[in-house]
Structure formats: structure tokens, C-alpha cells
Amino acid sequence: MLILTLNPGSTSLKFALFQNEAEQKRNVLRFDRDILALSLPERAAYCEKLVTEFLRAEGVDIGDIDCVMARGGFLKNLKTGAYEINERLIADLDGRIMPTPQTMGIRIAYHMMHPQGKPSFIYDAVTADEWEPKTKVTGVKGLEKTVAQHTLNSRRVAFELAEQLEMPMTDINLIVAHLGGGFDVSFFRKGRIIESLGYNDLGFSPERCGALQFDDLLQLAKTLPLDEFRALNHGKGGLVSHFGTSDMREVEAMIRKGNQEAKLVFDAMLYRVAQLIGCGAVALQGHVDGIILTGGGAHSDYICSQIQANVEFIAKVYRFAGELELEALARGACRVLTGQETASPYVS
């Protein structure tokens, strides 16, 4: 089976061609200012043209591809797994659903495969919702907590650990901490994500201010322009606010040089991650088969050792460093094409 996987971001499009789960070709399209100035549909059309040209240069005809699997991005709340990309989903991208760069892959996948009469799918959308009802309740009537997490990468590593432990995914209880520009910790009960907590719930992350006291938020809202206030929660908060960088490696270098402020702030950030993991022990009532540290931050021995020291009493800690979204998409496509999973039709 020949599978094309697409993972769009705010400044690039990563894509790869797989023969079953074996990677054949990979490329990254990086966007300059002119491309970033385009609307998302225009940017998607531009990327589709370049992806097609790349494949042809590699001797691959679109007609040879069995399916295209795209990252879901921020859509309405869906279940985990695969969804068929259809006209209703495309219409939602143009209307009711909030447009985000991650949805470009959906347009590209549909426009490439639909004329061929072949399937295209999304897999493990950010807004995949298997949460228990009580986890969404807030202290304001009519306002529910937004469901979102790094579903794709978190489920990928959960599947991998289940295989290592020789346990069915439907039996395993896990806590998965994704450590990137934003942090979140997902709680898997019997293979389902029943809740996720992140930087907005406790602590902060490399580029996001996270949880702040209400009165402090009000004061910031009064004193900062709206765009600067919003940026604190996405791009200008966290380590960026303290040290001007979101690169955790740079802050670790400061610590090695004896910077005590860097050590205090960095250790505080990691302590909060450990506390979030501790919340998972409560959600799973102490029945935890493993704790996974994943994402780019899991490459760091310092980060993992600091977190592990605080949580290893709960369960054994495993490291799956990096974010292998393209590989996760290919694996999901294989499960669908071989009948191990059934893709759901997208309904508005």
C-alpha cells in the first residue's frame, strides 16, 4: 500500500510517502512571508502543486497512491481514529469551523484523492473527544472546558508501549506527557483518553504563560494591548517571558553555566508537569501501567530526570523522544486499509 502523509504547521508542510509503514520519501516545504500572506485555501493550493511536483520528480504518479492521510488539526469534537474526508468536512473548513494552518492538509488530501476515486482521511484530530463529562465542567455555567490535546503523538506512543508490554490497547492505563512548545498530559483508561490537562490547568510551558491567578489576569488585561495579552498564552509567555527564548536547550545551557534564576524557573516548569502527571494517578484511581514522556523535550536527560524523580513512585517511566506524526499517520492509514480500524464518515 502506497500512503502519503501530510502534517501542516504554521510555517511549513511536512510530508512523506510510505510503503505500508516503511518510509520511502520525505520532504519539508517552508513558507516565506509571501506564502504566509496567502489565505489558507490559497496556501493549500500552492502546497498541493509543490507536493505533486515533488512526487512526479521522484517517479511517483498520484494514481499509484492508495490513500492520503492528513493531520486533523482543530476541528469540532470528534472521536479518536480515522475520519473520511468528504465534502461536508471541506464545507466546514470554509464556514463554521475555526480555520487553522493544520487544516491545510485536509484540503490537499481531498483535492488529490477525490478525482482519483480513492480515499483520504484525517487521523487523531487535536480535538478528539473521549473525555468523561465531569472533566469538562467549569465554575461558570454554560462554559465547558475546551477539549484539545496532542492526540496523534500521544496515541502513537501509547500504542508502542502497549506492544512493548504485550498488552491490548483496550486494557492499558497510561499517563502520557507531551513536552513541546506547549505541554499536555493525557490520561488513558483502557486505551481511551478520558481527560487531558495542560499548561492552562497548572504551570506554564516554554512559550505559554499557562495558569495565572484570576486577579493577575484582570490586571494584565487592563494594562496590555489585546494582541500582547493574547500572545502571553501562545508565543510570548513561559520561558520566552523569562529569558526571551522557547528553546529549552538554551535554558539548560544557562543552568550549566550556573544561572540560578534559569534553574529556578526551569525546575518550577518541570515540577508542574510532574504535578499534572500526579493528577493522572487520581483519574486512573492508582491503576497506572506506565508513564510516558514524549515530544521534543523528552530528548533531554535533565528534563526527564527532573520529572521522573517526582513521579516514578506512581509507575515506571518510559521515554519516547520526538514527535513522529508522519509515522503515526502512516500507521493509522495501514490500520484502516487492512481493516483493523474502520474510518468514520464525517458528519457536520
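Q: Which residues are linked with E21 in a network of salt bridges?
A: A salt bridge is counted when a side-chain nitrogen of Lys or Arg lies within 4 Å of a carboxyl oxygen of Asp or Glu. Here E21, E163 and R331 are linked in such a network. By this rule the count comes to 16 salt bridges.

Q: Before we go on, what should I know about the model and its numbering?
A: This is a predicted model, where local features need pLDDT of at least 70 and side-chain atom pairs count only at pLDDT 80 or more, while totals for chains, interfaces and linings use all residues. Residues are numbered from 1 along each chain as its sequence is written, and side-chain values use heavy atoms, with hydrogens and water left out.

Q: Which residue does the side chain of R155 meet in a salt bridge?
A: The partner is D124, with 2.7 Å from N to O. This pair links distant parts of the chain: R155 belongs to helix α5 (residues 151–164), D124 to the loop between β6 (120–123) and α5, and they are 31 residues apart. Helices (H or I, at least four residues) and strands (E, at least two) are DSSP runs, numbered from the N terminus.

Q: Is R155 buried or exposed?
A: Burial is read from relative accessible area: buried is under 20%, exposed over 50%, and partly exposed in between (1.4 Å probe, protein chains only). R155 has 8% relative accessibility, so it counts as buried. D124, at 3%, counts as buried too.

Q: Where do D267 and K263 lie?
A: Both are in helix α10 (residues 260–283), 4 residues apart, about one turn of the helix. As a general idea, an α-helix has 3.6 residues a turn, so residues three or four places apart point the same way. The closest N and O atoms of the D267–K263 salt bridge are 2.9 Å apart. D267 is buried, with a relative accessible area of 18%, whereas K263 is partly exposed at 32%.

Q: How do I check the span of helix α2?
A: The expected span is 1.5 Å times one less than the number of residues. For the 18 residues of α2 (residues 40–57) this gives 26 Å, and the end C-alpha atoms are 26 Å apart, which agrees.

Q: Which residues of α2 are buried?
A: They are L40, R43, A44, C47, E48, V51, T52, F54 and L55. These cover an arc of only 165 degrees around the axis, so they sit on the same side of α2; the arc is that of the directions from the helix axis to the C-beta atoms. On the other side, K49, R56 and A57 are exposed. Contact means heavy atoms within 4.5 Å, and the buried residues pack against β1 (2–8), β2 (12–19), β3 (22–30), α1 (33–36) and α4 (104–113). After α2 comes G59, whose phi is positive, near 80 degrees.

Q: What does a side-chain oxygen of D247 reach at the start of α9?
A: That oxygen comes to within 2.9 Å of the backbone nitrogen of R249. The side chains of D247 and R249 also meet in a salt bridge (3.0 Å, N to O). R249 is exposed, with a relative accessible area of 64%, while D247, at 22%, counts as partly exposed.

Terms used:
A polar contact is a pair of N or O atoms within 3.5 Å; within protein, one must be able to donate a hydrogen and the other to accept it, and residues adjacent in sequence count only if both atoms are side-chain atoms.
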